[in-house]
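Please inspect the structure before reading the solutions.

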Amino acid sequence: MDIEELPGVGAATAEKLREAGYKTVEAIAVAHPAELKEAAGLGEGTAIKVIAAARDSLQMGFMTGIEVLEKRKTMRKISTGSSALDGLLGGGIETQAITEFFGEFGSGKTQICHQLVVNVQLPEEEGGLGKNALYIDTENTFRPERVIQMAEAKGLKPEEALENIVVARAYNSDHQMLLVEKAEEVIREKGIGLVIVDSLTSHFRSDYTGRGMLSDRQQKLNRHMHALQRLSDIHNLAVVVTNQVMMRPDFFFGDPTAPIGGHVVAHASTFRVYLRKSKGGKRVARLIDSPNLPEGEAIFTVVKEGIKD
Ligand code: GTP
Ligand code: MG
């Protein structure tokens, strides 16, 4: 459906919207009225109406239980490369959801992201979606060399595998948010089935320091998580984010670390997986607060070929 077909959008408005980057009905549906007002010079009333029409046309309103079930049936899973980890996740990383991997440095978060941007390209019968990946890299840790090793191990042509990964370097938290908010077009054009944000929180942590900025940071993070949720929902894609942990000064019992981002990130993530290093290069993954899976642990390893049992 073209944006001209939305009620209230004439040729002139369509032109303004396109120039401002709102080229699809999906892009308009997930926009905020203030954004359209600012970017495309629409009046507030018009902006609200156009967004509502776009949402209606995509059936983003109420759904019955049966409709939810039908939508869930279109959900797909991407294998992590480890059958133990896949088992913990109920078969793999789900589309229409955000999966968060959190843990200390070297726990394997970035390695899992690399494996997933390869695996998403595999055909469905091999644990992929036959689709491509968008990698938002905030720490400059995306390594094509690593993708080549993993792609070769999966029998993919390394250059093709790299062609199928769109990498976006995010330079600060605002830039990171903008990349997600403008991702609509690249998702459509490149057939993206997986969006990675590695790391979700590092820029937010350094851009908003001090107690006085905490609520600003949480508000921004909340908006960012919602933008990611919308993408996963509308495009039936998987979102995977990584998160560091910080030491808890008030710790007495159990694990002294806690994921950054607090309740905002915790609530917005559908699946949360805590990673920790174990003996002999092994890694332990623990599933935390899943809506429909039991808590549990899985052991996997990181080797040259990628993520394995
Ligand atoms: P931070 O981003 O620093 O918080 O850590 P992370 O959780 O993203 O860690 P990452 O995924 O980068 O894990 C790095 C670890 O993976 C290394 O310390 C190695 O143990 C392992 N690793 C990375 N590449 C290879 C490889 O080619 N072969 C093997 N055997 N292990 C590797
Ligand atoms: Mg990392």
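Gln96 is placed in the loop between strand 2 (93-94) and strand 3 (97-103); strands are DSSP runs of E with at least two residues, helices runs of H or I with at least four, both numbered from the N terminus. Residues are numbered from 1 along each chain as written, and chains are lettered from A and ligands numbered from 1 in the order written. In this predicted model local features need pLDDT of at least 70 and side-chain atom pairs pLDDT 80 or more, while totals for chains, interfaces and linings use all residues; side-chain values use heavy atoms, without hydrogens and water.

**Exercise 1.** Locate the cis peptide bond between Asp198 and Ser199 relative to the secondary structure.

*Solution.* Step 1: omega is near 0° for the bond from Asp198 to Ser199. Step 2: Ser199 belongs to the loop between strand 6 (192-198) and helix 12 (202-207).

**Exercise 2.** Describe the largest nonpolar core.

*Solution.* Step 1: a nonpolar core is a set of buried Ala, Val, Leu, Ile, Met, Phe, Trp, Tyr and Cys residues joined through side-chain atoms within 4.5 Å. Step 2: the largest one has 34 residues, and Val240 and Leu194 are among those with the most contacts inside it. Step 3: helix 7 (residues 109-119) gives the most to this core, with five residues. Step 4: beyond four places in sequence, the residues that Val240 touches include Ile93, Phe101 and Leu194 (contact means heavy atoms within 4.5 Å).

**Exercise 3.** Which polar contacts does ligand 1 make with Lys109, Thr110 and Val302?

*Solution.* Step 1: an oxygen atom of ligand 1 lies 2.8 Å from a side-chain N or O atom of Lys109 (for a protein-ligand pair, a polar contact is N or O atoms within 3.5 Å). Step 2: a polar side-chain atom of Thr110 is 2.7 Å from an oxygen atom of ligand 1. Step 3: a nitrogen atom of ligand 1 is 3.3 Å from a backbone N or O atom of Val302.

Notes
Buried means under 20% relative accessible area, exposed over 50%, partly exposed in between (1.4 Å probe, protein chains only). A polar contact is a pair of N or O atoms within 3.5 Å; within protein, one must be able to donate a hydrogen and the other to accept it, and residues adjacent in sequence count only if both atoms are side-chain atoms.
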